Amino acid sequence: MRATVIRAPHDIAVEEVPDPVVQAPGDAVVRVVLACVCGSDLWAYRGESPRRPGQRIGHEFLGVVEETGPGVSRLAAGDLVVAPFVWSDGTCEYCAEGLTTSCPQGGFWGSVGSDGGQGEAVRVPYADATLVRLPDGAASDERLLTALLTLSDVLGTGHHAAVGAGVRQGSTVAVVGDGAVGLCGVLAARRLGAGRIIALGRHEARTGIARKFGATDVVAERGEAAVEAVRELTGGQGAQSVIEAVGTEQSMVTAVHITRDGGAIGYVGVPHGSATGLDLEAMFDRNIALRGGVAPVRTYIPQLLPDVLDGTIDPSPVFDLTVSLAGVPGGYEAMDERTALKVLVKP
């Protein structure tokens with residue numbers, strides 16, 4: 001089959017690799033129908049997170065089950081499924097608590113020795129626990145299928161940030177970051193009943209989506225100017241709930257300074273760089289809570305799936321460029337150059 005590999009920084013290629021096969025009783029082989037490029041993939045692309053030459057890449061996909069091992073009982077060939085970006089066994093204490101990303105038997109697509117989502121097929125360990133079956137009819141609805149793909153990562157990650165930030169009915173929320181995760185954080189905040197949502201971003205195409213998703217205000221400034229703007233909008237206090245969806249030192253500094261005393265930050269931006277700019281003294285003095293991390297999206301899929309299916313929320317606008325598998329290297333370039341928000345891949 002063909003799959004995307006990373007050879008070196010800024011060197012993405014589509015190569016012939018061995019077909020995935022069932023290796024354990026609980027495995028399934030899934031033919032990929034849709035995949036995408038994640039903002040976090042760019043850290044490997046830019047050389048900011050290490051990868052072995054030739055390592056697979058991509059962790060967001062949905063597809064059709066082609067084959068199952070003898071231990072798989074909940075799925076069958078022909079089922080349309082979505083995969084969270086981490087596989088998990090569904091039986092350990094962490095899985096029982098909903099923290100599937102800490103499963104000792106779990107792993108990330110594209111890790112050494114595993115298939116990546118940006119390919120023609122994927123071997124899925126612990127298929128019964130990992131994969132979520134989708135309605136067969138969704139396969140013929142292109143918009144719905146695209147929206148369902150966000151359940152593999154960005155929608156669940158935005159929801160995780162909103163939950164960590166303590167978003168509740170009527171609360172004021174500020175979202176730092178105008179990438180796909182930040183925009184899904186806006187959508188998640190609206191879904192949870194936020195009364196006011198302030199989106200921080202300077203790209204008009206992206207802030208336009210933020211408004212469509214429920215943002216009531218947009219702040220285009222950065223740094224101290226952004227802090228001043230958010231505080232002016234909130235009567236000098238800041239937002240009760242802040243979503244941090246970037247992972248840089250500047251974004252975390254901004255998040256801390258725009259949080260209202262007694263508020264909370266939900267952080268899901270993958271940390272990169274030498275520091276995160278976390279001012280513990282300021283957080284201590286102002287009673288600011290910090291919650292977040294790697295989103296256990298497998299736990300959130302059953303909660304979010306009904307709202308995607310019935311159209312209550314539609315995250316599909318985060319995709320603004322579609323490529324074939326052969327076009328994936330160009331998709332990385334487009335996202336790296338910020339000429340694309342999020343790239344949809346149709347193998």
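The model I am reading is a predicted one.

**Entry 1, helix 4 and helix 11.** I looked up how helix 4 (residues 142–149) lies against helix 11 (residues 297–309), and found the two packed at an angle of about 160°, with their axes 10 Å apart. Because that angle is over 145 degrees, I note helix 4 and helix 11 as roughly antiparallel to each other. I then checked the handedness, and helix 4 passes helix 11 in a right-handed crossing.

Which residues make the contact? On helix 4 I listed L144, A147 and L148, and on helix 11 I listed L305, V308 and L309. Sorting the contact of helix 4 with helix 11 by class, I got six nonpolar residues, with no polar and no charged ones.

I turned next to an open sheet of three strands, whose order is 2-1-4 and whose pairing is antiparallel. At its edges I find strand 2 (11–16) and strand 4 (55–56), each of which pairs on one side only. Strand 1 (residues 2–8) runs antiparallel to strand 2 and is joined to strand 2 by six bridges. Within this pairing I marked I6, which stands opposite I12 in strand 2.

Definitions and conventions:
Residues numbered from 1 in each chain as written. Predicted model: local features only at pLDDT ≥ 70, side-chain atom pairs only at ≥ 80, totals over all residues. Heavy atoms only, no water. Pairing = 2+ DSSP bridges. Helix = DSSP H or I, 4+ residues; strand = E, 2+ residues; numbered from the N terminus. Axes fitted to C-alpha atoms, helices over the stretch in contact; angles between N-to-C directions. Parallel < 35°, antiparallel > 145°, perpendicular 65-115°, else oblique. Left-handed = near helix turned anticlockwise from the far one by under 90°. Contact = heavy atoms within 4.5 Å. Nonpolar A, V, L, I, M, F, W, Y, C, P; charged D, E, K, R; others polar.
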